[in-house]
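I opened this notebook page to record what I looked up, residue by residue and then strand by strand.

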Amino acid sequence: MSIETKSEKVNQGENFRQDPMALEVAPNPKDEVPNVFLAIPNLGEIATFNTLIIGRWLAMAYTQERWNINLYFPCDHVPPSKARNNIHKAFINSKYDYLFTLDSDVVPPPNALPLLLKYVTDEEVERHIVGLTVQMSKMTQKGAMLAPSAFEYKEGPGGYVIAQGEGLTQVDVVTLAATIRTRELMEAVGAGAYEERMHGEYKDSTTGEDFVFGEHVLDLVDEGHEEYRPWVDFNHICSHYVTMNTRGANDLLIRTENFAKQQVVEEGSRDATSEA
């Protein structure tokens, strides 16, 4: 029996290979509609469901003229920081208004594009970076659990903790796996904003490239640009196609359920104390 049979792909679907140069020429932006630069960094495979959703958005762009989309699929750029820096450069050199980055193994809800555009074009609240919820396996003091890739800074050891919320909520750092950003923010952050950072005596601890970008954004917030603070929509959760050990997945679900029950108990205890 091969080792591969001990794990299985969750939410497995067909994939396709994309010629890395096929869609890198941006069509002309249109002044009357939002112009979206949609970038999917990949290693040659993109989840099939993404192609269906993107096809729907393209159809709406041409038939309803609700927005204008340029597709950009940089392929085989490693490490990930190289792909993200490449996307950043291509977007800045284009004339598009918004950069929507989508990881190749993340499938957003079908309404993701109009939803995110609504958030960043809101005339009442200025927003420059908004992400949808992308879950990951995260080790906490209570063990492994599924958690959103969004963080807030807390004073003390570790600094950053997993952010929790309902609906559209401000956080300190958000993943770029399903996130829209404005041209103003991207120009303010500037070039070379992504890198993998190694920590520890043996350099065996890593800070991801999108987290490093988030720290650059926080630097701008600390300088007085509160409007650049990230937002996350906790009510819209993307599918995350990953390879996972089935035993580990089962343990993870149990721990996640136990963690949720403990949260309910703690909230009930606080409510009872406040009423007393």
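**Entries on a predicted model**

I began with Ser81, which I found in helix α2 (residues 80-93); helices (H or I, at least four residues) and strands (E, at least two) are DSSP runs numbered from the N terminus. I noted that the model is predicted, that local features need pLDDT of at least 70 and side-chain atom pairs pLDDT 80 or more, while totals for chains, interfaces and linings use all residues. Residues are numbered from 1 along each chain as its sequence is written, and side-chain values use heavy atoms, with hydrogens and water left out.

I read Ser81 as buried, at a relative accessible area of 9% (buried is under 20%, exposed over 50%, partly exposed in between, with a 1.4 Å probe and protein chains only). Its side chain makes a polar contact of 2.7 Å with the side chain of Glu196; such a contact is a pair of N or O atoms within 3.5 Å, where within protein one must be able to donate a hydrogen and the other to accept it, and residues adjacent in sequence count only if both atoms are side-chain atoms. I also saw that Ser81 and Glu195 lie 114 residues apart in sequence but 5.1 Å apart in space, C-alpha to C-alpha.

I then turned to Asp172, which sits in the loop between β13 (168-170) and β14 (173-174) and is buried, with a relative accessible area of 13%. The Asp172 side chain reaches the backbone nitrogen of Tyr153 at 2.6 Å.

Last, I followed β11 (residues 150-153), which pairs with β14 in the antiparallel sense over 2 bridges (pairing needs at least two DSSP bridges), and I found Phe151 opposite Val173 in β14.
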